[in-house]
Amino acid sequence: MKGLIFSVKRYSIHDGPGIRVTFFMKGCPLNCMWCHNPEGISPFPENVIISDKVGEREFSNSKEVGKYYSVENILEILEKERVFINQSKGGVTFSGGEPMLQFEFLFEALKACKENGYHTAVDTSGYSSFENYKSIIPVTDLFLFDIKHLDEARHIELTGVSNIGILDNYRILLNSGKDIMVRVPVIPGFNDDPDHLKKLKQFLLSTKTESLKKINLLPFHKIGSSKYKRFNIPYKMDNVEPPAKGRMQELKEFFSEVGVKVKIGG
Amino acid sequence: MKISARVKQLRELSLNAVEKISAERALLMTQFYKSDEARELSAPLKRAKAFEYLLKNKKICINEGELIVGERGPAPKETPTYPEISLHSMIDLEILNSREKVFFRVDEEVKNIYEKEIIPFWKGKSNRDRIMNLMTHEWMNAYKAGLFTEFQEQRAPGHTVLGYKMFTTGFLKLKEEIKESVSALDFYIDTQAFEKFEELKAMDIACDTIIMYANRHADELEKLAANEKNSKRKNELLKMAAVCRKVPANAPETVHEMLQHYWFIHQGVITELNPWDSFNPGRLDQHLYPVYKKEMEAGSLSTDELYDLLGCFWVKFNNHPSPPKIGVTASESNTYTDFCLINLGGVKPDGTDAVNEISYILLDVIKEMRILQPGSMIQISKKSPDRFIHKALDIIRTGFGQPSCFNTDAIIQEMVRQGKSIVDARNGGASGCVETGAFGTEAYWLTGYFNLPKVLELTLNNGFDKRTNKLLGLETGYAHEYKSFEDLMKAFKLQVNYFIDIKIRGNNVIEKTFANWLPVPFLSLLVEDCIASGKDYNGGGARYNTSYIQGVGLGSITDMLTSIRYNIYDNKKFGWEELTKALDADFNGYEQVQYEMIYNTPKFGNDDDYADQQAVAVFEIYYDAVNGRPTSRGGIHRINMLPTTSHVYFGSVIGATPDGRKAHKPLSEGISPSQGVDKQGPTSVIKSASKIDHLRTGGTLLNQKFSPQFFEDEDSYDCLTALIRSYFSLDGHHIQFNVVNAETLKDAQKHPELYRDLIVRVAGYSDYFNDLGEDLQNEIINRTEHEEVL
Ligand code: SF4
């Protein structure tokens, strides 16, 4: 069994504790307007043209985005990084895209990682079946769980899918005994109006269990915009500006009332 | 900590002082050498008397407001010359005066003195002339072709650090030791007894000289005090005079005395000759701690006074630029920095953690002073607290390049492997750039950089050098004649051995010139066991004697060999004929070949064994060629891997290379990957770099580029700490974080091909800088500019 992965990141330090290897799995059922990994949305390998300059001449090469990895491949890469992972009490994170979309591979990979003593994290949009989550709970130490909007209609507008199942899954994971870090993208004009923020804080507070360890506020940024061009996907966020530093600080204070650690960024 | 007005003023004075050539020392030295007395003396006595003449007659400089006194020249940054080592010509002086960077102003008076007094006397008589006359034809050709450099050609052997003993011993005590050593001489059976007798006499004169020099300062301070209106300063001046009467004659007992004690010693060493890396107080936090503690308990020193003294001490180093060089070495190491490297942390002689309050205080001083000199480093052992590393990261993140991080456990293993006692090893550290040494007991000399990629270039050309148009190496064949990669490696090994032989023969002659003509009785007092053995530091008197040849261009040569292996032998992407043509054409018209080499060939620095095995192979060949070969002063040759800035000079003498590098471009630095080829991030660089066996070297240098955003929060400090500790658990010797500034990012925008490895972070995400759109790049540049802490 193999998994389709579009990027492997070493010295990944913002996707869970310590130094980690993050595997970005290709394919996502959502279609968030601000997605910074547009190449992670399609569940198939894609080709992009990469041009490199040598002096004045430019050479183009077609590069495949998305390669198939076996569980052994995953373990080999982790073995290369083992010293850093051990030293920093880090581990492995499966992100995406939406890793749950390749559930069977994800399960096998997580299981193998656990068996080899690695701390495992899954970075998920929450959009998958309840059964799937239930089966990976025993082999997952940490869930990085995105909450983008509480209002269903607005959620559909922004991401293309309903949030009912997502929020249900969130509640279930809160009672799984495993660690959860909630990740809230802060997208000016989309989900940062006072009313929504208040509701969101309320929601996090009322559902809170021992499992909730941290809230990560992820400020919107445009790093992905050049990728849109490369992949020929229209970019809809040109007119949105990243939130100011001061604003993020304010939000940090605001969410700290939930009673867990709040961090700006991953 | 806040720097006081006094220290601020001294710091300004130092920063604003203009580097100038002073003819004072050259003139005094010439007068002495011309004297009747000089003619009659044995070499050690001649040098001791010269030292005495210098310190008796040089101008005493006391700067306003300072607490620690003594300048090598007549004023801050007025830099002496050493004609007995190498003689500046009128043209050299002109170049120094007018060159844009690292200049030294030369005024008419100095030019006059040089023309009338210095040059006529020393022409053809400097040790550099002596060396050049003694070198073989092969040595001269290889030297001119840029296969290696020669450290001792313009400066005296140095690379020595003051050890524990001299921080707790006065020179009056040394005089007693000398007396004992003299009375133990056995003129009946020791054939060297007379030489030792002369040397010990010379050392005794050197003791008296440094005490006399301190007293001259005391005299001057008392004179100033008598005329001082301000009663506070008056008291200070009197106190300083008392300190100068006490040290270095006697052992220091307070922080003030210890700093002044060291500073007299420092001046003595850099006035006697111009040893490499000036001189170095080494484990300063360890030496200061006991006196600091005592004073704190007695209440005789306030925190403000402590910081004032340290600030004054720091400025002293910055007042002393590296002595000006000429010719080849100007491009090889072009900097005012004289590589004094203060060590913090590490372990105590009993092996326990040595980080103490002074370690943290000195980190504060480094942060607040923010001056080029002295350099600083932290020694990190398994036992060092994270807090210590975090505090250092706080300074590193400001992009000031200090302190660098060293692996104490590796340093100790390196030294124990070389046969040093565990206590001597624990008392040691690193000096210069990254050189391992036993402080106070070892004379570890760097003898020259060795151009590994140049040897490969010659190996591909049957030993012929196209640039100097000479047959330099062995005729092992042309590129196309090597039937396999192994054949090529065999030939490369023969060539490395051949050139190392040439270099070592040169070293063994050059060492003797210093032993015979230029002994250093003062420096010999400072390094154990010179007094006990009656032998000079330059003649093998130290407890341990090591000569290093520094390998340069490991990343580059690995990429070159890997490219040959990958493209020619394993995958047959192109043949030797095409490659040779491409190299001869500097890739003009062969961009496709160059493209394949740069973008589609495995490279060192990505934790890819296919490439990294060539690094290991080159390392082993180099190690075998050098390690263990005897030196003429009874020491041993060993290797280390560091370039200072010689990778630029060495690149300039090499044509286009099979890694896709254009002719004359710089080589890779230290054991770092070639510019921009590491695409997998810092962990992979560390993995690649740790595949060579650091423990069999005397130091390696790894430079890692980071954007300031990597230091953004507590979590990232933890991860960087883990990164360092991981490298050190793999026996890495040293890592330095080069925090890029906005300037670098702007350059990356212009030359993306050189910065393919540059990762920047924005708000918790990161990406390759090159991959960002221009507007985003600009945004990051703006932010970096904004965040740069000055
Ligand atoms: S869930 Fe994540 S990967 Fe999927 S579209 Fe949204 S932002 Fe992109």
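**Burial, exposure and backbone geometry in a predicted model**

Q: Why is His159(B) called buried in this predicted model?
A: His159(B) has a relative accessible area of 1%. Buried means under 20%, so His159(B) is buried.

Q: Where does His159(B) lie, and what is its phi?
A: His159(B) is in the loop between helix H8 (137-145) and helix H9 (164-167) of chain B. Its phi is positive, about 55°, although the residue is not a glycine.

Q: Why does Asn462(B) count as buried?
A: The relative accessibility of Asn462(B) is 12%. The cut-off for buried is under 20%; therefore Asn462(B) counts as buried. This residue, found in the loop between helix H21 (452-459) and strand S9 (464-465) of chain B, has a positive phi of about 60° although it is not a glycine.

Q: What makes Arg230(A) count as partly exposed?
A: Arg230(A) has 34% relative accessibility. Buried means under 20% and exposed over 50%, with partly exposed in between, so Arg230(A) counts as partly exposed. Its place is in helix H7 (residues 225-230) of chain A. On the surface, Arg230(A) gathers with Lys63(A), Lys67(A) and Lys679(B) in a patch of positive charge.

Q: How do you know that the radius of gyration of chain A agrees with that of a compact globule?
A: For 266 residues, a compact globule would have a radius of gyration near 18 Å; chain A has 19 Å, and therefore agrees. The C-alpha trace of chain A spans about 55 × 45 × 35 Å along its principal axes.

Conventions: Residues are numbered from 1 along each chain as its sequence is written. Chains are lettered from A and ligands numbered from 1 in the order in which they are written. This is a predicted model: local features need pLDDT of at least 70, side-chain atom pairs count only at pLDDT 80 or more; totals for chains, interfaces and linings use all residues. Side-chain values use heavy atoms; hydrogens and water are left out. Patches are made of residues with over 30% relative accessible area and no salt bridge: like charges are joined within 9 Å, nonpolar side chains (Val, Leu, Ile, Met, Phe, Trp, Tyr) within 5 Å. Accessible areas come from the Shrake-Rupley method with a 1.4 Å probe; for residues, only the protein chains shown count as cover. A salt bridge is a side-chain nitrogen of Lys or Arg within 4 Å of a carboxyl oxygen of Asp or Glu. Lys and Arg count as positive and Asp and Glu as negative; His and the chain ends are not counted. The place of a charge is taken as NZ of Lys, CZ of Arg, CG of Asp or CD of Glu. Helices (H or I, at least four residues) and strands (E, at least two) are DSSP runs, numbered from the N terminus. Buried means under 20% relative accessible area, exposed over 50%, partly exposed in between (1.4 Å probe, protein chains only). The radius of gyration is taken over C-alpha atoms; the globule rule is 2.2 Å times the number of residues to the power 0.38.
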